Amino acid sequence: MLSIKLFNVTTIAYFGAMLAFISYLVIRNRTVALVANICCYVGFALHTAAIGMRWYESYQILGGDGRAPLSNLYESVVFFAWTILLIYILIDLKYRQRAIGAFVLPFAFFGMIWGQLYLSDAIDPLVPALQSNWLTYHVITCFLGYAAFAVACGVSIMYLIKARKGRDDGEDRDDGGVLALFPSTRVLDDINYKAIMIGFPLLSLGIITGAAWANYAWGTYWSWDPKETWSLIVWFVYAAFLHARFTRGWVGRKAAWLSVFGFAATIFCYLGVNLVLSGLHSYGGG
C-alpha cells in the first residue's frame with residue numbers, strides 16, 4: 001500500500017528532525033535548527049498525505065465499508081503522532097523557539113517507529129461497535145487533546161531542567177551552554193499553560209462524544225469501563241491543574257510536575273488500558 005510507504009518516509013523525516021534538533025542543542029547552529037524544522041514540516045505534509053491515502057485505500061479494499069483511518073491501534077498511533085506535529089507547528093509559528101522540538105519530536109518519532117515496526121497495518125472492516133460517525137468525532141477530539149498534553153509535557157521537562165539551575169525567575173539571560181537555547185522559564189510556563197488550555201476542552205469534548213458513542217453502541221452513556229474510568233482520572237488531573245493555577249496561583253515547578261504527571265496518566269489511559277486491561281475498548285489493543 002502506498003500509505004505504508006508514505007508513513008515510512010514520514011518516520012525517516014521525523015528521525016532526521018529529531019537528530020537535527022538534538023544536534024542544534026549541541027552545536028548551537030541556527031542553520032541546523034532550520035533544517036530540523038524543515039524536516040518537521042516536510043514530514044507533516046507527508047504524514048497528512050499518508051493518512052488521506054490510507055482513507056482512500058480503505059474504500060479500495062473494503063468498498064462501501066471504507067472508513068476514516070482511526071479504528072485500530074496502528075491507525076490511532078500514527079494519528080496521535082500527526083496531532084503532536086500539528087500542535088508543535090502551531091506552537092512553533094507563535095513562539096519560534098526551535099529548542100522545543102528536541103523535547104516534542106521524540107514523542108511523535110517513537111510512536112511512528114513503534115507503529116511501523118510492531119503493529120499490524122491491515123485495513124479490516126469495522127466491528128459493529130465502531131460503525132458510527134461518533135467514532136471520528138471522539139477519536140479526533142481525544143487525540144488533539146492528548147497531543148496538546150504531550151507538548152505541555154515536553155516544555156515542562158525543559159522547564160524543570162532549566163529550573164534546576166536556579167533559572168525559574170522567568171527572566172531572560174545568558175545561561176550559557178544548552179540552556180541558552182531554551183526559552184525563558186516564563187515562556188516555558190506560558191506554553192505549558194496554553195497547551196493545557198487547548199487540550200483540556202478537547203479532552204472534555206472527547207469524553208462527551210465518547211459517551212454519546214457508547215450510548216449508540218451499547219445503550220448506556222457510562223459504564224465505568226477501564227478506559228472511561230481512566231479518561232475521567234486524566235480529566236480530573238488537568239482540571240486540578242487549571243483550578244490550582246486560577247485559585248492558588250500554581251505556576252513554575254509545581255505546574256510543570258503536574259503537567260508531566262498528567263501526561264503519564266494520559267499515556268496509561270491511551271496505551272496501558274488498551275494493552276493491559278480488558279474492557280469495552282479492548283479492540284483498540286490490536
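**Reading the labels on a predicted helical model**

Guide: Asn 8 lies in helix α1, residues 2-27, where helices are DSSP runs (H or I, at least four residues) numbered from the N terminus. This is a predicted model, in which local features need pLDDT of at least 70, side-chain atom pairs count only at pLDDT 80 or more, and totals for chains, interfaces and linings use all residues. Residues are numbered from 1 along each chain as its sequence is written, and side-chain values use heavy atoms, with hydrogens and water left out.

Visitor: Why is Asn 8 called partly exposed?

Guide: Its relative accessible area is 33%, and since buried means under 20% and exposed over 50%, with partly exposed in between (1.4 Å probe, protein chains only), Asn 8 is therefore partly exposed.

Visitor: What makes α3 and α5 oblique to each other?

Guide: The axes of α3 (residues 73-95) and α5 (residues 133-164) cross at roughly 55° and come within 8 Å, the axes being lines fitted to C-alpha atoms over the stretch in contact, with angles from 0 to 180 degrees between N-to-C directions. Angles under 35 degrees count as roughly parallel, over 145 as roughly antiparallel, 65 to 115 as roughly perpendicular and the rest as oblique, so α3 and α5 are oblique.

Visitor: Which residues of α3 and α5 meet?

Guide: With contact meaning heavy atoms within 4.5 Å, those of α3 include Phe 79, Phe 80 and Tyr 88, and those of α5 include Phe 143, Tyr 146 and Val 151.

Visitor: How is residues 137-161 described by helix content?

Guide: That stretch is 100% helix and 0% strand, with its end C-alpha atoms 37 Å apart.

Note on methods. Helix = DSSP H or I, 4+ residues; strand = E, 2+ residues; numbered from the N terminus.
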